[in-house]
Amino acid sequence: MKNPLPESPSEESVEKKVVIKNKLGLHARPAALFVQTTSKFNCEITVRKGKQKVNGKSIMGLMMLAAGQGTTLSLEAVGPEAKRAVQEVEKLVNNNFGE
Amino acid sequence: MPAVLVKDLFDSLKDTLKLKLITPGIPLTGKIKSSEIHRPGLAFAGFYDYFASDCVQILGTTEVAFLNKQPAAKREQSLKKFFSYKIPCIVITKNQSAPESLMNYAVKSGIPIFRSPLRTTNLIGRTTIFIEDALAPRSSVHGTLLDVYGVGTLLMGKSGVGKSETALELVQRGQRLVADDVVEIKRTPGDVLMGYSSKVIRHHMEIRGLGIIDVMSLFGVGAVRNQKRILMAVTLEKWNAEIEYERAGLTESWKEFLGVRLPHLVIPIIPGRNIPVLVEVAALNQRLKRMGIHTAKQFNEDLIRQMAERDASD
């Protein structure tokens, strides 16, 4: 019988900057899409705008940033699915949240 | 280094202190780096060894009278030295008129002078409070802050663990919401941690399945607070069989925010545990402790004493 390989908890750590391009900025609907996306992945994700730092899975936090068009946000994710979480958020932002 | 702009000081205090800028056109770009207030009496007399130049300089009756009484040449000399420092601003109290030479030097050096009808002590008090608040160390945490029976209780835990749902139930039970999701914290003098909400999301919550709700409109003004001193942190987490949770309540655990330690409890969540009730009891227990009654300790001392008495009578 073959011994199964011990599961290695792969801790990824990713940092990425994105620019909000849709006209109305990160209002309630895009913020909802943002957290729906991040919540799917097993990772801790923080979003930073200047000195303000919020949890990337919290809609109120994201809306608190009041990130209008042209704002640069830094995404920092840590955890087994950090890379994919950041990729998906990037896709969403670059698609202007479908707006 | 944190600093307050003179403009911010003026904008925030001009109504309460009835401040008037008497050097029109001088830009309010100076930076105040200390909450101490300085009265430059000794500096005017020529003693500059401990001159706190980065503070607001307040001229009361003494300072103004001293300047007016000095011989002209001497006054020129002390003002020349005084204005060679980078002073943020000058405030003259009791509506005194500024000595002409002081005005001239201030305009020449680009340092604004304000005038207030308030008395010196009163003005110093209010100005200090404002600057201390503006310079207070700040941070923000992911969590929910409530006033539970008067105890500022910070609920923490991972996204989706049920902080907002617990908070909603607590509000329904008559407790007050301060901030949901993002709690802003500042450390004020006396190692006090004040928690409040950012203006954008104040008194609002997000509940999965319901969306964004306005707690003040739904539950009334009695269900919310704008700020509250934080006295306790509670972390909610999924029950983990690997972890030993506190049973007796004898070991105290702490969590540090901005260098201030807060009592910290971890409440494990499993079906059948009424978390809001547990949070309320934890808050009440914390109040008891602050009033000098530590139930777990006293219970244990009684137990030990009773055992000792029994042994002696055996």
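Predicted model: local features only at pLDDT ≥ 70, side-chain atom pairs only at ≥ 80, totals over all residues.
The centres of domain 1 and domain 2 of chain B, taken over C-alpha atoms, lie 44 Å apart, the bounds of these domains coming from an automatic or database domain assignment. Residues are numbered from 1 along each chain as its sequence is written, and chains are lettered from A and ligands numbered from 1 in the order in which they are written.

| Domain of chain B | Residues |
|---|---|
| domain 1 | 4–135 |
| domain 2 | 138–300 |

Chain B has an open sheet of 5 strands in the order β2-β7-β6-β5-β4, with mixed pairing; strands are DSSP runs (E, at least two residues) and helices are runs of H or I with at least four, numbered from the N terminus, and two strands pair if DSSP finds at least two bridges between them. At the edges stand β2 (20–21) and β4 (37–38) of chain B, each with a single partner strand, so one side of each is left without a neighbour in the sheet. Strands β6 (residues 90–92) and β7 (residues 113–115) of chain B run parallel and are joined by 3 bridges, and I92(B) has R115(B) in β7(B) as its bridge partner.

Where chains A and B touch, 13 residues of chain A and 13 residues of chain B take part in the contact, which requires C-beta atoms, placed from the backbone, to lie within 7 Å. On the side of chain A, α2(A) gives the most, with 5 residues.

Terms used
Contact = placed C-beta atoms within 7 Å.
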